[in-house]
Amino acid sequence: MAVDLAHGFASSAAQDTAALRSVFESITAESCPRSYNFHMHTVCSDGRLQPEQLLEQAVAIGLKGLAITDHHSVVGYRRAQQWLSVQRSNMPRLWTGMEVTSSLLGDEVHILAYAFDPNHLAIQPYTQGKAPTGEFYLAKNVIAAIHAAGGLAVLAHPVRYRRSPSELIPEAARLGIDGIETYYAYNNPSPWKASPKQTQEVKALGRTYGLLSTCGTDTHGLSLLQRI
């Protein structure tokens with residue numbers, strides 16, 4: 001019974017949108033990768049770390065909060081949540097997360113989903129381990145599904161697409177997106193550092209459209225401190 005109660009509390013905390021919004025409002029270029037990291041992948045999509053290994057690294061680094069954002073899957077999140085539920089205190093805060101492929105202005109983009117209910121009916125088409133198709137593939141429907149499941153929607157790495165961020169961000173804002181991945185290392189420097197020029201452009205657009213800022217290493221390899 002105690003384990004069930006703990007799991008229920010953890011699930012509730014992982015879906016606390018207000019708390020996550022407050023964190024996003026405080027994010028700066030220095031927040032990642034040692035205080036917060038909201039973009040990481042595990043073996044449950046195209047990463048190399050087991051979810052449990054990812055959490056062990058997060059604890060060692062001293063992360064305060066994070067999200068596992070596997071592509072079209074919440075399996076890694078569930079495994080990580082289970083691992084956290086049997087640990088002692090002073091663990092980082094884990095929110096639900098996922099990365100979804102979608103279409104925005106005819107360009108293929110990635111939308112990060114956070115703090116949503118992974119059991120909600122609206123989010124199920126996006127948790128099947130593969131990119132959505134048809135109407136489910138449209139950004140407006142991805143954003144609507146995330147919101148229906150109680151979550152926040154964020155445009156990932158806005159400077160990595162065919163269309164410019166000055167085109168994509170206004171359209172994403174029009175469709176109701178909540179935030180943008182402002183702090184991202186586009187050329188994968190070591191040590192990790194948000195790309196200054198791109199950060200300045202994206203941050204300015206975020207201010208113009210009243211969007212939240214997030215940060216993440218987009219880890220696919222064996223270290224949370226690098227993309228690959």
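Two strands pair if DSSP finds at least two bridges between them. The model shown in these views is predicted.

**View 1. Five strands form an open sheet in the order β4-β5-β6-β7-β8.** The pairing in this sheet is mixed. Strands β4 (97-104) and β8 stand at the edges. Each has a single partner strand, so one side of each is left without a neighbour in the sheet. Neighbouring strands are turned by 40 degrees against each other on average, direction ignored.

**View 2. Strands β6 and β7 run parallel.** β6 covers residues 152-155 and β7 covers residues 179-183. Two bridges join them. L155 stands opposite I180 in β7.

**View 3. Helix α5 lies across β4, β5 and β6.** The helix spans residues 139-148. Its direction is at about 5 degrees to that of β5 (107-114).

**View 4. Three strands form an open sheet in the order β1-β2-β3.** Here the pairing is parallel. The edge strands are β1 (36-37) and β3 (93-95), and each pairs on one side only. Strand β2 (residues 65-67) is joined to β3 by three bridges. G65 stands opposite R93 in β3.

**View 5. T219 is buried in the segment after β8 (212-215).** Its relative accessible area is 0%, and buried means under 20%, so T219 falls in that class. Leaving aside neighbours within four places in sequence, T219 is in contact with H39, M40, H41, L224, L225, Q226 and R227.

Technical notes. Residues numbered from 1 in each chain as written. Predicted model: local features only at pLDDT ≥ 70, side-chain atom pairs only at ≥ 80, totals over all residues. Heavy atoms only, no water. Helix = DSSP H or I, 4+ residues; strand = E, 2+ residues; numbered from the N terminus. Buried < 20%, exposed > 50% of the residue type's maximum accessible area, 1.4 Å probe, protein only. Contact = heavy atoms within 4.5 Å. Axes fitted to C-alpha atoms, helices over the stretch in contact; angles between N-to-C directions.
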